[in-house]
Amino acid sequence: MEKNKNLNIVVVGKSGAGKSSLLNYLVDKEIFETGIGSPVTKTYFDHHQFKHPTKNVTYNLFDTKGIEPDTTDEFINSVKGKIEEFAYFDDVFEHVHTLYYCISAVSKRLEPFEVKFIEEMSDILDVVIVLTKADLVTVEDLNNFEDTLFKELSASENDVDTAIRIIKVCSVAQTTRKGISQQFGRDEILKHSFIGLWNTFSKEVHYTILSTTFFSAKVELEINDIDNSFLLHAPNISNFDRHNRTKLFQDRWYNYKHFKIFEFDKSDFTLLHFLLLPSLEELAFEKLDLGNKIILKVIFEKAEELINRFDTYENTFLCYERDLINKSEEILNFYSQLTGNINNVPIPLIRSKKALNQIYKYIINDLKDGLELNVNFFKENVNVIPLKDSFFNDEATRDRENVTKLFNIIQTHFSEMNNELISLMTNFAEICNTELSQYGRLILGVNLNNDDGLKYKKEINFALANDDRIDKSERRYLNRFKLQYNLSEIQAHEIEKNAISENENLKKN
Ligand SMILES: Nc1nc2c(ncn2[C@@H]2O[C@H](COP(=O)(O)OP(=O)(O)O)[C@@H](O)[C@H]2O)c(=O)[nH]1
Ligand SMILES: [Mg+2]
């Protein structure tokens with residue numbers, strides 16, 4: 001039997017926005033108390049686990065107390081804290097991957113403190129805006145409010161990559177004069193959970209490729225090998241971050257992942273240690289006495305040992321590629337389970353594989369040669385013998401100048417190789433992100449087309465075919481069709497939007 005997987009959901013919003021009702025609707029169970037009279041939650045999080053009776057899914061539901069203007073900062077910090085708590089785990093299924101922000105469609109407005117909260121959170125993870133109580137307003141009002149929200153949150157409706165998305169939900173069935181209103185929007189919520197999970201996984205690629213490349217080949221350094229002072233100065237976590245001011249590391253999310261993983265044993269020498277060779281000043285080796293030189297010699301001997309282990313990279317990269325594909329399949333299977341939408345679209349990741357191979361090729365060819373060349377250069381030109389330094393004899397001074405020059409050249413070479421490697425990794429991560437997100441969209445597209453929606457979409461395409469617009473008579477026809485196939489206004493609106501944007505894209509290409 002497959003391992004049980006978690007779906008971790010955090011819901012935030014003002015008091016009465018419909019947070020608790022949303023969670024109850026999601027799992028189809030009255031877990032959280034709702035309504036005006038419901039007790040005010042004292043702590044930030046009201047956590048409940050719900051194990052799905054038939055599927056291998058456990059919902060970790062985090063209801064929160066109502067967010068308010070004067071508690072926004074506090075709120076941001078405690079939600080971030082919760083996210084970090086989960087990010088500590090390796091498995092992406094343990095992370096919080098989506099945050100649902102509830103806004104009552106009836107309120108028709110978003111307050112500045114809410115904008116602040118949403119924008120700050122969406123730097124870290126996927127934020128999905130849930131327009132609750134969508135049943136209580138007209139479709140027109142709903143769409144207008146949606147447009148306003150996109151404007152206020154400076155996101156674009158047509159930009160599929162935007163981190164902010166809006167869904168419309170009715171969490172409670174209500175008896176009105178017109179009859180009993182239906183609940184709707186659950187599929188959309190699940191769909192966005194999938195996107196959130198998928199995006200979290202995709203973001204992690206940046207980090208996994210770095211640790212794979214830098215840390216998989218290593219040599220052990222016995223304490224007696226080298227003076228302890230070198231160990232103290234050897235590149236450590238802080239140096240690593242200092243030297244890599246790339247886009248990858250600005251993301252807070254990666255930073256706390258680093259602190260966990262990069263607390264490697266200080267007696268391990270990895271590729272990263274060599275490529276980020278500290279300067280002589282950083283090592284406090286300006287005097288370059290015999291002791292210093294002996295240490296430098298040991299460092300380069302270690303580099304030689306490391307080069308000899310480069311053949312392990314073949315296996316490392318094969319495993320990495322396999323893990324990447326396995327993990328994406330695992331997530332897709334989970335999604336199929338969750339929604340009952342089975343898809344058999346294979347994940348190609350063709351360009352990612354090529355980019356990955358480029359990294360591998362660079363390591364075993366140019367990087368290996370480069371390291372070897374520099375190590376030999378040092379070995380041939382640096383003598384580890386005592387030199388006299390006196391008023392009459394400047395042999396030692398000349399030697400010091402010579403070694404300093406050599407060392408600086410080597411350091412520059414290493415840092416050039418490091419930059420090249422980083423740029424190859426960035427390239428890979430970006431390509432892989434693109435391929436994954438394209439694939440994610442493809443899957444969702446496939447699922448949209450499972451039902452009568454597909455037929456409705458065909459009709460829309462038909463209407464768009466001659467003049468790219470839907471005229472009055474076509475509109476009347478579509479309305480009849482909508483009724484016949486029992487499509488909700490919202491569903492129909494989504495399908496239409498989708499069809500129109502596809503039509504526009506087709507025109508462009
Ligand atoms: N008609 C309708 N009422 C809703 C919906 N969601 C919540 N409510 C009602 O709004 C009130 C507040 O909901 P609740 O979930 O307690 O809000 P919370 O304070 O954000 O947790 C309750 O009376 C709910 O029945 C919805 O989608 N449609
Ligand atoms: Mg509540």
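The legends below describe close-up views of a predicted model.

Residues are numbered from 1 along each chain as its sequence is written, while chains are lettered from A and ligands numbered from 1 in the order in which they are written. In this predicted model, local features need pLDDT of at least 70 and side-chain atom pairs count only at pLDDT 80 or more, whereas totals for chains, interfaces and linings use all residues.

**Figure 1. The chain as a whole, with 17 helices and 10 strands.** Helices (H or I, at least four residues) and strands (E, at least two) are DSSP runs, numbered from the N terminus. Of the 509 residues in the chain, 32% are buried. A residue is buried if 20 or more other C-beta atoms lie within 10 Å of its own, exposed if 12 or fewer, and partly exposed in between, with C-beta atoms placed from the backbone. Two residues are in contact if their C-beta atoms, placed from the backbone, lie within 7 Å. Among contacts between residues at least 6 apart in sequence, 78% join residues at least 24 apart.

**Figure 2. The shell of 21 residues around ligand 1.** A residue belongs to this shell if its C-beta atom, placed from the backbone, lies within 6 Å of the ligand. The closest are Gly-18, Lys-19, Ser-20, Ser-21 and Thr-34. Helix α1 (residues 19-27) supplies the largest share, three residues. By class, the shell has 13 polar, five nonpolar and three charged residues. Here Ala, Val, Leu, Ile, Met, Phe, Trp, Tyr, Cys and Pro count as nonpolar, Asp, Glu, Lys and Arg as charged, and the others, Gly among them, as polar.

Figure 3. Asp-28 lies in the loop between α1 and β2 (45-51). Asp-28 counts as exposed because it has 12 C-beta neighbours inside 10 Å. Lys-108 is placed in the loop between β4 (98-104) and α3.

**Figure 4. Packing of helix α2 (residues 72-87) with helix α3 (residues 112-121).** Two packed helices are described by the angle between their axes and the distance between the axes. Axes are lines fitted to C-alpha atoms, for helices over the stretch in contact, and angles run from 0 to 180 degrees between N-to-C directions. For α2 and α3 the angle is about 25° and the axes are 10 Å apart. The two helices are therefore roughly parallel. Angles under 35 degrees count as roughly parallel, over 145 as roughly antiparallel, 65 to 115 as roughly perpendicular and the rest as oblique. The crossing of α2 and α3 is right-handed. A crossing is right-handed if the near helix is turned clockwise from the far one by less than a right angle, and left-handed if anticlockwise. From α2, Thr-72, Phe-75, Ile-76 and Val-79 meet Phe-113, Lys-116, Phe-117, Glu-120 and Met-121 of α3. Six residues of this contact are nonpolar, one is polar and two are charged.

**Figure 5. Packing of helix α5 (residues 186-215) with α12.** The axes are 11 Å apart, at an angle of about 170°. The helices α5 and α12 are therefore roughly antiparallel. On the α5 side the contact is made by Asp-187, Leu-190, Phe-194, Leu-197, Trp-198, Phe-201 and Thr-212, and on the α12 side by Thr-316, Tyr-320, Lys-327, Ile-331, Tyr-335, Leu-338 and Thr-339. This contact has nine nonpolar, three polar and two charged residues. Helix α12 (residues 312-339) also holds Glu-329. Glu-329 is exposed, with 12 other C-beta atoms within 10 Å. From Glu-329 to Ile-347, 18 residues apart in sequence, the C-alpha to C-alpha distance is 7.9 Å.

**Figure 6. Packing of helix α11 (residues 290-308) with helix α13 (residues 350-381).** The two axes come within 10 Å and cross at roughly 150°, so α11 and α13 are roughly antiparallel. Their crossing is left-handed. Phe-300, Ala-303, Glu-304 and Ile-307 of α11 make the contact with Lys-368, Leu-371, Glu-372, Val-375, Phe-378 and Lys-379 of α13. By class, six residues of the contact are nonpolar, four are charged and none is polar. Gln-358 is also in helix α13. It has 15 C-beta neighbours inside 10 Å and counts as partly exposed.
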